Amino acid sequence: MTKSAFITGITGQDGAYLAKLLLQKGYRVHGGVRRISHPETTRLAALGIADQVTLHSFDLNEINNIVRVIRDTPVDEFYNLAAQSFVGASWEQPIYTGDANGMGVVRILDCLRTYHPNTRFYQASTSEMFGLVQEVPQRETTPFYPRSPYGVAKAYGHYITMNYRESFGMHASSGVLFNHESPLRGKEFVTRKITLGLAKIARGSNEVLKLGNLDVQRDWGYAGDYVRGMWLMLQQDQPDDYVLATGVTTPIREFVRYAAEALDMELEFMGRGLNEMAVERKTGRRILEVDPDFFRPAEVDLLIGDASKAKSSLGWHAKMPVKTLAAMMAQADFDALRA
Ligand code: NAP
Ligand code: F7E
């Protein structure tokens, strides 16, 4: 029998990759799209699937809308990927972020409980819940210490998913996913900002890439690998929570170097703190500088995940190394600029 799934946030990076994966597996795919003046389905179009999914008007912040959509669209699996996903914006919009990323989750869970209690549910939890890390590497049992309104709201979403699983026996699972990137990543996130900025420079632009705190490290994987993990979680007999990560953490400077190398640029970092910069060795041209506008009020310094539970229970591991990822993103941006 054909399986069906609903993906909130289907127009986002992960939503597009997950929709593609589920279509390849023969699912009928529904997606939630919030009302905006200029509907954006460019990621679905980039993957060649824009006309293969059924879109529904869906907003995490509107209970009546959620009730109607969930009641009228019975599916086997429900993936909640929608969120205000930019950590930096969560200090500017803390209440909106709390409502969408926290309350939005319980709105969905409670509607599923009422109308379709047997639908399997996936919640997009995040390594940002570990924040000021209490253990290295971080795993499913590591205590949370979120450092942003985004992380705090996601912690609520995580706990309420556990609570509905334990209270009502729902098949509700959370994936605690570390950063995952791709050529479809939003342009304000640091990896894409780097690859797009360097690609423009490689194409002859005089722009200087301005970044914030260069002292942070992230465990960066490829989004295409991570959506496979989401699907695997909902195929298990029992619901549970899983960390998905590569187990390798990389400083931002290294990511910049990997992307630059892929574009035939060799960079040298010099200076310290706010005066740090990177120049291109061959030309001596300044490529990158630090801009305090991109610093955050509180920072998450060292994220590195232990995905051994996902490996042993789901048979999942991250396939793409960060160097390949940086090169792939830089090349994709470089190629797109030619068009
Ligand atoms: P993304 O590209 O920013 O996509 C987010 C999606 O949510 C977009 O489709 C967006 O719609 C939608 N959305 C935002 N606010 C909404 C609202 N109020 N109602 C309905 N839809 C709304 O994010 P992503 O990288 O794919 O991440 C997917 C999920 O995983 C998010 O929940 C994120 O917090 C979480 N996560 C991501 C990572 C990562 O590294 N990528 C790691 C851990 C967890 P528009 O297209 O209209 O903006
Ligand atoms: O920042 C530093 C910044 O915005 C990474 C989301 O998908 O992953 C993502 O959140 C780091 C931060 O991602 C700039 O301070 C320096 O420490 O790319 P980001 P994020 O905050 O890690 C988690 C797991 C999610 O759940 C989120 O949804 O890079 N950084 N300079 C910068 N960051 C940005 N954006 N821009 C800069 O110029």
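Predicted model: local features only at pLDDT ≥ 70, side-chain atom pairs only at ≥ 80, totals over all residues.
Local features need pLDDT of at least 70, side-chain atom pairs count only at pLDDT 80 or more, and totals for chains, interfaces and linings use all residues. Residues are numbered from 1 along each chain as its sequence is written, chains are lettered from A and ligands numbered from 1 in written order, and side-chain values use heavy atoms, with hydrogens and water left out.

Start with the domains. The chain is divided into domain 1 (4-182 + 220-247 + 303-319) and domain 2 (190-216 + 251-301 + 328-338). These bounds come from an automatic or database domain assignment. Taken over C-alpha atoms, the two domain centres are 30 Å apart. Across the boundary, 12 residues of domain 1 are in contact with 14 residues of domain 2. Contact means heavy atoms within 4.5 Å.

The size of an interface is often given as the accessible area lost when the parts come together. Here domain 1 and domain 2 bury about 1,100 Å² between them, and 69% of it is on carbon and sulfur atoms. Buried area is the accessible area (1.4 Å probe) that two parts lose on being put together, summed over both. Trp91, Arg147 and Trp220 supply 48% of the area that domain 1 buries against domain 2, more than any other three residues.

Now turn to ligand 2. It is surrounded by 24 residues, where near means that a heavy atom of the residue lies within 4 Å. The closest are Thr126, Tyr150, Lys193, Arg296 and Glu299. Both domains take part: domain 1 and domain 2 each give at least three residues to this shell. Two elements, α6 (190-202) and β8 (209-211), each supply at least two. Helices (H or I, at least four residues) and strands (E, at least two) are DSSP runs, numbered from the N terminus. By class, the shell around ligand 2 holds 10 nonpolar, 6 polar and 8 charged residues. Ala, Val, Leu, Ile, Met, Phe, Trp, Tyr, Cys and Pro count as nonpolar, Asp, Glu, Lys and Arg as charged, and the others, Gly among them, as polar.

An N or O atom in the side chain of Thr126 is 2.7 Å from an oxygen atom of ligand 2. For the side chain of Glu299, the corresponding distance is 2.6 Å. A polar side-chain atom of Tyr150 also lies 2.6 Å from an oxygen atom of ligand 2. Alone, ligand 2 exposes 700 Å², and the protein buries 95% of that. Such areas come from the Shrake-Rupley method with a 1.4 Å probe.

Tyr150 leads on to ligand 1. A polar atom of its side chain lies 2.6 Å from an oxygen atom of ligand 1. The backbone contributes too: a polar backbone atom of His180 is 2.9 Å from a ligand 1 oxygen, and a backbone N or O atom of Gly9 is 3.4 Å from one. α1 (13-24), β5 (120-126) and α5 (149-168) give two or more residues each to its shell. The largest share, 3 residues, comes from β5. In all, 25 residues lie around ligand 1, with Thr11, Asp14, Arg34, Ser85 and Tyr150 nearest.

Two backbone details remain. Most residues other than glycine have a negative phi, and most peptide bonds are trans. A cis peptide bond joins Val136 and Pro137, with omega about -5°. Pro137 lies in the loop between β5 and α5. Asp264 has a positive phi, near 65°. Its loop runs between α8 (252-262) and β13 (267-270).

Methods. Polar contact = N/O pair within 3.5 Å; in protein donor to acceptor, adjacent residues only side chain to side chain.
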